[in-house]
Number of protein chains: 2
Amino acid sequence: MGKTPNLDSGQLFIGIDGGGTKCRARIFSADDKVLGTGVGGPANPLHGQSQAKASILQAVEMALTEAGLPNSSAGKLIAGVGLAGVNLPSLFEVMNSWHHPFKKMYLTTDLHIACLGAHRSDEGAVMIAGTGSCGYSYVNGKATIIGAHGFPFGDKCSGAWIGLEAVKAVLLASDNLGPQTILNDLVGDHLGAKGVMIVDKMGAAKSSDYAQLARFVLEAADQNDEVAVKIMREGADYMSAVAEKLWETGPGRMSLIGGLSGRLTPWLKPGIAASLSNPISQPEFGAVYFAKQQYALE
Amino acid sequence: MGKTPNLDSGQLFIGIDGGGTKCRARIFSADDKVLGTGVGGPANPLHGQSQAKASILQAVEMALTEAGLPNSSAGKLIAGVGLAGVNLPSLFEVMNSWHHPFKKMYLTTDLHIACLGAHRSDEGAVMIAGTGSCGYSYVNGKATIIGAHGFPFGDKCSGAWIGLEAVKAVLLASDNLGPQTILNDLVGDHLGAKGVMIVDKMGAAKSSDYAQLARFVLEAADQNDEVAVKIMREGADYMSAVAEKLWETGPGRMSLIGGLSGRLTPWLKPGIAASLSNPISQPEFGAVYFAKQQYALE
């Protein structure tokens, strides 16, 4: 990435990627060497600003420790922070006015840092399929976000969406109002409850709990289970449509990232699957890339 | 309903109907005259046992006051209590072992008391379409429950389900990944936010918040909005299938009840709509009917 003007070569950076399930922080030297990594809890401020801040601090402390630095060193770090949820202006304001412990903090979305990291370039597109889902492109200084709406109303084809569809299908089958499916056994064994009794287990489930069920849908779909295939087909068709919209913005490169990316790719339309490039770096690197850009502008 | 053996003719009864949105209590004399009515908050123990108990007590106090009775009179009442959620054995146990303030308490499901009330008979069937949805029949001492699984994985065709489908459709349309719909304006005006900005408003929404949106889907469907018609058609086809399953149990009479029942009936299959009877009494009456049955058996 090269040197940023006006920066001491001893300046340290921290890249923070905060999502709905967990938060990862990584400390980099000025020449992009990783010095330490830390992980914290959920950091989407839509689901709790205090929790998000606590998760970030948890990840930062762990990364400092791994880098052999005292906690007080946070004040020397320039932080790039990408958070889920801050595409909503109200949440951006709240998190951006946080009395953070860093020397400087530059805030953007988790999507933006994922894109910068995946392509090591200012331009590109990413689709994310993990606990949540969305599409994002950044071209000519303009961000395009598709989806990223959250659970349960958005995030089609995410792990949470796939898991929710699985629970719906198992319950319909248990009433003989939908086709029978091996998801009944797969999901039931995982939850330790069968048929209607899974209601008891999922009554207070969060999106991350639903996402735990996605792998059973993938497994059942591999066995040609009609219900699972239909869920995967509907989800993947949506992601293919997202990819088509993103290509229209002219991003040059596009990557599919997130925990489901490997298993999901074969379900995409063949032309879409073939158009995807492997991500080059992780989002935390993208966060530092962003911080250096912003710092240089000041 | 006639007299129950072994009962003082001055014995008072209280019928309690506790659902996910509110709880209603009604005090009856031994000859079925209503003496007072009270309303409390949500009373589905699946969403919080303490809240459910507090809501019941709130409704009881209000009913006692309206009946001109002191709070201490609760100890003289025989209570019939029908609660959402207690079809799950774990929740039945928790609520049934409650140190309630009544002389006697007889607990069953909200579905059972709705059915007893609708038909003033031990046998019959009801479909409920309000904040939640389900089907229930009671024939020859055997209960059949269809649905009643809860939000967001069950309760198809409920107000909450209709509202969630509306939010999903508005968000897909805002990304140009689904058909345009007048729900964008109708839901947007109600929430004070358009397109993707409704995410901010619905981020922490409960099933009752989603159910508030159902009337806009009905309104849009009346105007032949493609998206709204599709939601109503899918929901109503499910309810028609539920009705067919219930008729197979031989209930004699069936009623559709709940806040959506009037608007939903025209969407059902014509033969199903024509097969429905008006409910005779409200669930609180059914709860007292149940309590008298159980008391007579002791």
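Start at A:Val126, which stands opposite A:Tyr136 in strand S7 of chain A. Keep in mind that this is a predicted model. A hairpin of 3 residues joins S6(A) to S7(A).

Now the other partner of S7(A). Strand S8 of chain A, residues 142-147, runs antiparallel to S7(A), again with 6 bridges. Here A:Ser137 stands opposite A:Thr144 in S8(A). The hairpin between S7(A) and S8(A) has 2 residues between the strands, and A:Asn140 in that hairpin takes a positive phi near 55°. How many of the 7 residues of S7(A) are buried? 6 of them, so to speak of S7(A), residues 133-139, as mostly covered follows from under 20% relative accessible area counting as buried.

Next, the domains. Chain A is divided into domain 1, residues 13-120 plus 280-297, and domain 2, residues 159-251 plus 262-274. Taken over C-alpha atoms, the centres of the two domains of chain A are 31 Å apart.

On to the 5-stranded sheet of chain A. The sheet is open, with mixed pairing, and the order is S3-S2-S1-S4-S5. Which strands stand at the edges? S3, residues 34-40, and S5, residues 104-109, of chain A. Each has a single partner strand, so one side of each is left without a neighbour in the sheet. Ignoring direction, neighbouring strands are turned by 15° against each other on average.

Look inside that order. S1(A), residues 13-18, pairs with S4(A), residues 78-83, in the parallel sense over 6 bridges. One example: A:Gly18 has A:Leu83 of S4(A) as its bridge partner.

Two helices go with these strands. Helix H1 of chain A, residues 49-66, packs on the sheet. H1(A) touches S1, S2, S3 and S4 of chain A, and its direction makes about 145° with that of S3(A). Helix H2 of chain A, residues 89-96, lies across S4 and S5 of chain A. H2(A) runs at about 165° to S5(A).

Now a helix pair. Two packed helices are described by the angle between their axes and the distance between the axes. For H3(A), residues 110-119, and H12(A), residues 283-297, the angle is about 95° and the axes are 7 Å apart. The two helices are therefore roughly perpendicular to each other. From H3(A), the contact uses A:His112, A:Ile113, A:Ala114, A:Leu116 and A:Gly117. H12(A) brings A:Pro283, A:Gly286, A:Ala287, A:Tyr289, A:Phe290 and A:Gln293. By type, that contact has 7 nonpolar residues, 4 polar and no charged.

Over to helix H5 of chain A, residues 183-191. Its buried residues are A:Leu183, A:Leu186, A:Val187, A:Gly188 and A:Leu191. What covers them includes helices H4, H6, H8 and H9 of chain A. Just after H5(A), A:Gly192 takes a positive phi of about 70°.

Last stop, chain B. In helix H8 of chain B, residues 214-222, the buried set is B:Ala214, B:Phe216, B:Val217, B:Leu218, B:Ala220 and B:Ala221. Their cover includes helices H4, H5, H7, H9 and H10 of chain B. Just after H8(B), B:Asn224 takes a positive phi of about 60°.

That's the tour. Over to you.

Definitions and conventions. Residues are numbered from 1 along each chain as its sequence is written. Chains are lettered from A and ligands numbered from 1 in the order in which they are written. This is a predicted model: local features need pLDDT of at least 70, side-chain atom pairs count only at pLDDT 80 or more; totals for chains, interfaces and linings use all residues. Side-chain values use heavy atoms; hydrogens and water are left out. Axes are lines fitted to C-alpha atoms, for helices over the stretch in contact, and angles run from 0 to 180 degrees between N-to-C directions. Helices (H or I, at least four residues) and strands (E, at least two) are DSSP runs, numbered from the N terminus. Angles under 35 degrees count as roughly parallel, over 145 as roughly antiparallel, 65 to 115 as roughly perpendicular and the rest as oblique. Contact means heavy atoms within 4.5 Å. Ala, Val, Leu, Ile, Met, Phe, Trp, Tyr, Cys and Pro count as nonpolar, Asp, Glu, Lys and Arg as charged, and the others, Gly among them, as polar. Domain bounds come from an automatic or database domain assignment. Two strands pair if DSSP finds at least two bridges between them. Buried means under 20% relative accessible area, exposed over 50%, partly exposed in between (1.4 Å probe, protein chains only).
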